[in-house]
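Subject: Structure handover

Hello,

Here is the structure for your files. My notes on the ligand site, the salt bridges and one surface patch follow below it.

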Amino acid sequence: MSEELETNADKILAEAMRMSEKIEADIAQNPKKYRVLTGDRPTGRLHIGHYFGSLKNRVRLSKLGVPTMILIADYQVLTDHDAFDKISENTKELVIDYLAAGIEPGENVCIYPHSHVPEANQLMVPFLTLVTKSDLDRNPTVKDEMAKSSIPLNAGMYTYPVHQAVDILFCKGNVVPVGKDQLPHLEIARQIARRFNNKFCKGIDPIFPEPHALLSKTPMIMGLDGSAKMSKSLGNTIMLSASDDETAKAIKKAKTDQDRHITYDPVNRPEVANLLRIISLCTDETPEAIAERIGDGGGGMLKNTLTEALNEHLRPLRTKRAELEQQPELIKKVLNEGVEKAREIASKTLLEVRHVMNMEI
Ligand code: TRP
């Protein structure tokens, strides 16, 4: 990366962190000033990395009364070249995970697949005219994809950041809870909002807000095998839907190290530190205190403690999950109502957009 680009990325990160803190300080007092937009790809059930990393935060924000849109990015599955034969099934599994985790759809919260909101997808065409090829070439996620994939980059993937801007802007979402790695995407959404307003809303109120990131404070949970990321394809996860026994088995296989005495040392003992942090997320004790308590109990006791803490913490969620699996009609109703509400919002935005673009008939 050139020096200039690096300073620009640093600047964006610093500004995003500042705004994120500011929003966090204000959002509990003024929840209705904000609209949260978040989403997942329907590639399977969720695991504890998703749960501690984002799901719990979504539940918290929605319980504060912040209007919350939870989008299921089914079109993204196509751009990623993932198998599409299970999209419908995976979409329902996601809804089950959301509801089991405490998301309550209704007036304030809606859950919907973005392919079902045609009025929002119509924004894609004007938005594509507001970004240049070099804007997209600079996007690190797109660059990554170009570098690692053996098949040619499809135009859907290439322009995916623009579609993500549609996802955020159609409902005038102004808060997007994300990790730092998603900031370049968000920057494109911010640029599109700004460019649209500058071009089409001269002398009148801007239509789109510039969305801000709400950066997660929870450190990323690593895979149980020590990989940087917990991911189902790496087989290093614990699914929210796993049984107590499956959880125990996965934890038994988790990587630790040679040192029998347990200490919390994230730099030199990342795997042990990761397990301690997961316990800490379940029990609210500090990882240091947990390490001290286990001490010479070693890896065995660390794993037993984790198994117990995690199974205990997830028990209510798992019970609810099993009940929801028996209620397919309820899941369908949640999605239909979510789509209806999202379309209502999208239709309003599309009318405004058509008006300023002089495309009314
Ligand atoms: N790209 C996100 C992912 O890969 C999912 C997503 C789609 C999203 N549209 C979004 C996230 C809009 C936040 C905002 O998981």
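To start with the ligand, Asp167 places a polar side-chain atom 2.7 Å from one of the ligand's nitrogen atoms. That is a polar contact, meaning a pair of N or O atoms within 3.5 Å; within protein, one must be able to donate a hydrogen and the other to accept it, and residues adjacent in sequence count only if both atoms are side-chain atoms. On its own the ligand has 360 Å² of accessible area, and the protein covers 89% of that. Accessible areas were computed by the Shrake-Rupley method with a 1.4 Å probe; for residues, only the protein chains shown count as cover.

Please note that this is a predicted model, in which local features need pLDDT of at least 70 and side-chain atom pairs count only at pLDDT 80 or more, while totals for chains, interfaces and linings use all residues. Residues are numbered from 1 along each chain as its sequence is written, and side-chain values use heavy atoms, with hydrogens and water left out.

Ligand site

Gln76 has a polar side-chain atom 3.1 Å from a nitrogen atom of the ligand. For Arg41, a side-chain N or O atom is 2.9 Å from an oxygen atom of the ligand. The shell consists of Leu37, Gly39, Arg41, Leu71, Ala73, Gln76, Tyr160, Gln164, Asp167, Ile168 and Val176, a residue being near the ligand if one of its heavy atoms lies within 4 Å of it. By class, six of these are nonpolar, three polar and two charged (Ala, Val, Leu, Ile, Met, Phe, Trp, Tyr, Cys and Pro count as nonpolar, Asp, Glu, Lys and Arg as charged, and the others, Gly among them, as polar). At least two shell residues come from each of β1 (36–40) and α10 (160–169), and α10 gives the largest share, four residues. Helices (H or I, at least four residues) and strands (E, at least two) are DSSP runs, numbered from the N terminus.

Salt bridges

The whole structure has 27 salt bridges, each a side-chain nitrogen of Lys or Arg within 4 Å of a carboxyl oxygen of Asp or Glu.

Asp97 and Arg321 form one of them, with 2.6 Å between the closest N and O atoms. This pair links distant parts of the chain, 224 residues apart: Asp97 is in helix α4 (residues 87–101) and Arg321 in helix α15 (residues 298–325). Both Asp97 and Arg321 are buried (under 20% relative accessible area; exposed is over 50%, partly exposed in between, with a 1.4 Å probe and protein chains only). Through shared partners, salt bridges join Arg45, Glu93, Asp97, Arg321 and Glu325 into one network.

Arg60 and Glu24 also pair, at 3.0 Å from N to O. Arg60 is in helix α2 (residues 48–63) and Glu24 in helix α1, so this bridge ties together parts 36 residues apart in sequence. Arg60 is partly exposed at 34% relative accessibility, as is Glu24 at 22%.

Within helix α1 (residues 3–27), Arg18 and Glu15 are three residues apart, so about one helical turn separates them. Their salt bridge has its closest N and O atoms 3.1 Å apart.

Surface patch

Tyr75, Leu78 and Phe84 make a nonpolar surface patch of about 330 Å². Patches are made of residues with over 30% relative accessible area and no salt bridge; like charges are joined within 9 Å, nonpolar side chains (Val, Leu, Ile, Met, Phe, Trp, Tyr) within 5 Å. Tyr75 lies in helix α3 (residues 74–79) and is partly exposed, with a relative accessible area of 36%.

Regards
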